[in-house]
Amino acid sequence: MTEALLAFFKALADESRLRIVGLLAQSERSVQELATLLDLKEPTVSHHLAVLKAQGLVSARAEGTTRWHRLDVAALEGMSRRVLEPAAVAEPPAEPETWDAKVLRGFVDGEGRLAVIPASRRKRGVVLRWLMTLFDADRRYSEAEVNAIIQAKHPDSATLRRELIGHRMLAREGGVYWRLPEAGWVEGGAATASKA
């Protein structure tokens, strides 16, 4: 419970996220609307929304090509009740969260989709390793299959496919892709990744 409380307070310990919560408390908003109202870039807003979604504070619904985000008031009230429970702060400390888990919590939403591709190479490597869990080591994939697997997590399959090849996680020959052994994966990506 202590870990959940810390994650909750960390999610709200950011001025932009607090302002997003305030705006969503008024009405549903799109990323574009929030970006305009907060004078932030859309990827930054998407990142903040992903953090809030990971805590169950924000949910989204699709309407055409737009995703409308709203505050889950019930989740906020439930967390408030748990904060006031005396046992909430009396739990023994839990195992520390790994760096990879922290990165994924920041970039993967509550629905298991990648909200935004990280700009940092190190964080992008964490996301790519997470994507590689979707590929079987002893199977060959067509490009369409690779795209479908990636698009289940993020719409930009071309960029992520190139990144997976550049990091030597996936190999490609004649339109056929396969997973490479982890021992050969390149943390920072190849300097000259082949175009996928």
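Author: Start with pairing: two strands pair if DSSP finds at least two bridges between them. Strands are DSSP runs of E with at least two residues, helices runs of H or I with at least four, numbered from the N terminus. This is a predicted model: local features need pLDDT of at least 70, side-chain atom pairs pLDDT 80 or more, while totals for chains, interfaces and linings use all residues. Residues are numbered from 1 along each chain as its sequence is written, and side-chain values use heavy atoms, without hydrogens and water.

Reader: What makes β3 and strand β5 (residues 176-179) a pair?

Author: Three bridges join them, and they run antiparallel. At least two are required. Ser 142 stands opposite Val 176 in β5.

Reader: Why are α2 and α3 called oblique to each other?

Author: The axes of α2 (residues 15-26) and α3 (residues 31-38) cross at roughly 120 degrees. Axes are lines fitted to C-alpha atoms, for helices over the stretch in contact; angles run from 0 to 180 degrees between N-to-C directions. Under 35 degrees is roughly parallel, over 145 roughly antiparallel, 65 to 115 roughly perpendicular, and the rest oblique. Therefore α2 and α3 are oblique.

Reader: How do you know that His 69 is buried?

Author: His 69 is buried because its relative accessible area is 3%. The cut-off is under 20%; exposed is over 50%, partly exposed in between (1.4 Å probe, protein chains only). His 69 lies in strand β2 (residues 66-71).
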